[in-house]
Amino acid sequence: MSKRILLSSPHMSGTEQKYIQEAFYTNWIAPLGANVDGFERELAEYVGVKAASATSSGTGAIHLALDLVGVKAGDTVFCSTLTFIASANPILYLGAKPVFIDSEPTTWNMSPQALATALQEAATAGKLPKAVIVVNLYGQSARMDEIMQLCNQYDVPVIEDAAESLGSSYKGRKSGTFGHFGIYSFNGNKIITTSGGGMLVSDDETLIARSRFLATQARDAAKHYQHSVVGYNYRMSNIVAGIGRGQLEVLDERVAQKRAIFERYAAAFNEIDGIDMMPELEGTFSNRWLSTMTMDPKKISISPYALMDLLNEANIESRPVWKPLHMQPLFEDCTFYPHAADGVVSERLFATGVCLPSDSKMTVEEQQKVIDLIVKTL
Ligand SMILES: *Cc1c(COP(=O)(O)O)cnc(C)c1O
């Protein structure tokens with residue numbers, strides 16, 4: 001059987017070993033050291049923020065951000081609905097309640113229209129959310145101008161979940177740097193990986209320093225072990241950070257490769273009536289982490305699941321678009337704000353979307369195999 005064609009798998013640069021060896025040589029096999037400091041500095045420089053703190057996961061970084069903006073039990077937090085569960089789980093860790101906001105069609109991300117309604121109703125009820133978590137899906141930035149303007153108007157802090165959009169930009173500014181906090185993930189399938197890890201970024205250096213304190217069990221300055229607030233064990237190890245430094249060197253190259261993969265799909269499916277590739281909002285630059293398309297059921301007789309089954313039989317990995325969080329059993333009692341009264345955008349994207357193999361190691365020939373199978377089927 002031929003080699004499986006993957007959705008998105010780790011793609012090393014070759015320089016990671018140099019940083020790991022340095023850590024071994026100096027015996028800094030710990031959740032601090034030169035690689036952690038270096039990775040934080042280099043990533044902050046790359047995205048253009050004042051400070052960054054490396055964490056053991058992207059989920060942990062979201063948890064820290066929510067804690068730092070003061071989310072407590074009983075509070076509400078608004079969150080994009082069309083996303084991976086990790087965007088919202090930390091809201092539950094803190095005993096707060098998520099409220100989900102629908103997508104809009106031009107970015108697939110948070111609808112400013114739905115957000116406006118949700119904020120207005122919350123203000124009227126005298127219970128504004130403690131934070132808004134905005135997700136940049138598959139590399140595409142949300143409509144940050146409109147979202148920031150609304151959140152600033154109501155004075156609600158924004159946490160940008162840029163786990164999937166490292167290397168993307170919005171009007172020339174890097175994705176993940178618009179909110180009070182941004183978070184990135186280096187999980188195994190992300191555009192760059194450390195095998196597992198995350199980063200919290202902000203222009204507020206005091207809060208980033210505080211995040212390091214919280215992430216190391218919140219130990220007070222004392223000779224003995226003293227603790228006054230709840231802490232976590234969320235720091236990145238110096239070994240893992242070494243992988244990150246080697247990966248960061250090739251991030252722009254990976255973005256170019258992912259974009260080329262997307263362009264090849266877009267060109268090949270251009271003529272197929274009923275297939276639409278994920279849009280790229282004018283003024284934004286997506287890292288195209290996953291090439292994603294929708295299949296219009298009025299024009300295409302085969303369902304996305306049937307197509308995904310056929311791909312799987314040919315040893316090709318594909319995935320449905322994230323199932324909206326407001327549809328998850330875990331969140332069935334949560335409030336949801338649709339984009340428009342007559343249509344829920346996220347549900348349509350879930351029902352019609354397919355994420356195609358977008359592995360930066362995939363050869364042009366391998367991608368052609370995927371394309372040929374889809375063209376033949378449709
Ligand atoms: C991957 C991902 C996360 C979580 O990151 P981990 O490092 O796996 O904890 C959060 N949000 C989104 C949108 C993601 O895709």
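Modeller: What follows starts with a helix pair, then turns to the core, the domains and a few loop and strand residues.

This is a predicted model, in which local features need pLDDT of at least 70, side-chain atom pairs count only at pLDDT 80 or more, and totals for chains, interfaces and linings use all residues. Residues are numbered from 1 along each chain as its sequence is written, and side-chain values use heavy atoms, with hydrogens and water left out.

Take the pair H2 and H8. Helix H2 covers residues 34–47 and helix H8 covers residues 238–248. Helices (H or I, at least four residues) and strands (E, at least two) are DSSP runs, numbered from the N terminus. Two packed helices are described by the angle between their axes and the distance between the axes. Here the axes come within 7 Å and cross at roughly 35°. Axes are lines fitted to C-alpha atoms, for helices over the stretch in contact, and angles run from 0 to 180 degrees between N-to-C directions. The crossing of H2 past H8 is left-handed. That term applies if the near helix is turned anticlockwise from the far one by less than a right angle; clockwise is right-handed.

Now the residues. H2 brings Ala34, Asn35, Val36, Gly38, Phe39, Arg41, Glu42 and Leu43 to the contact. H8 answers with Asn238, Ala241, Gly242, Gly244, Arg245 and Leu248. Contact means heavy atoms within 4.5 Å. By class, six of the residues where H2 meets H8 are nonpolar, five are polar and three are charged. Ala, Val, Leu, Ile, Met, Phe, Trp, Tyr, Cys and Pro count as nonpolar, Asp, Glu, Lys and Arg as charged, and the others, Gly among them, as polar.

Leu43 leads on to the core. The largest nonpolar core has 35 residues, and Leu43 is one of those with the most contacts inside it, along with Tyr138, Leu166, Tyr184, Phe186 and Met199. H2 gives the most to this core, five residues. H8 supplies at least two, as do strand E1 (51–55), strand E9 (198–202), helix H9 (251–269) and helix H11 (345–352). The core draws at least three residues from each of domain 1 (16–248) and domain 2 (251–377). A second, separate core has 32 residues, including Leu68, Ala96, Tyr234 and Phe331. A nonpolar core is a set of buried Ala, Val, Leu, Ile, Met, Phe, Trp, Tyr and Cys residues joined through side-chain atoms within 4.5 Å. Buried means under 20% relative accessible area, exposed over 50%, partly exposed in between (1.4 Å probe, protein chains only).

Next, the domains. The protein chain is divided into domain 1 and domain 2, with bounds from an automatic or database domain assignment. Their C-alpha centres lie 25 Å apart. Across the boundary, 49 residues of domain 1 are in contact with 43 residues of domain 2.

Two backbone points deserve a look. Ala218 sits in the loop between helix H7 (205–215) and H8. Ala218 has a positive phi of about 50° although it is not a glycine. At 0% relative accessibility, Ala218 is buried. Lys171 lies in the loop between strand E6 (169–170) and strand E7 (173–174). The phi of Lys171, also not a glycine, is positive and near 50°. Lys171 is exposed, at 54% relative accessible area.

Strand E6 also holds Ser169. Ser169 is buried, at 12%. Leaving out residues up to four places away in sequence, Ser169 touches Ser141, Lys174, Ser175, Thr284 and Phe285.

Asp359, between strand E15 (353–355) and helix H12 (364–377), is buried at 7% relative accessible area. Beyond four places in sequence, Asp359 touches Leu6, Leu7, Ser8, Ser9 and Ile261. Pro157, between helix H6 (144–153) and strand E5 (158–161), is buried at 18%. With neighbours within four places set aside, Pro157 is in contact with Val69, Lys130, Ala131, Val132 and His180.
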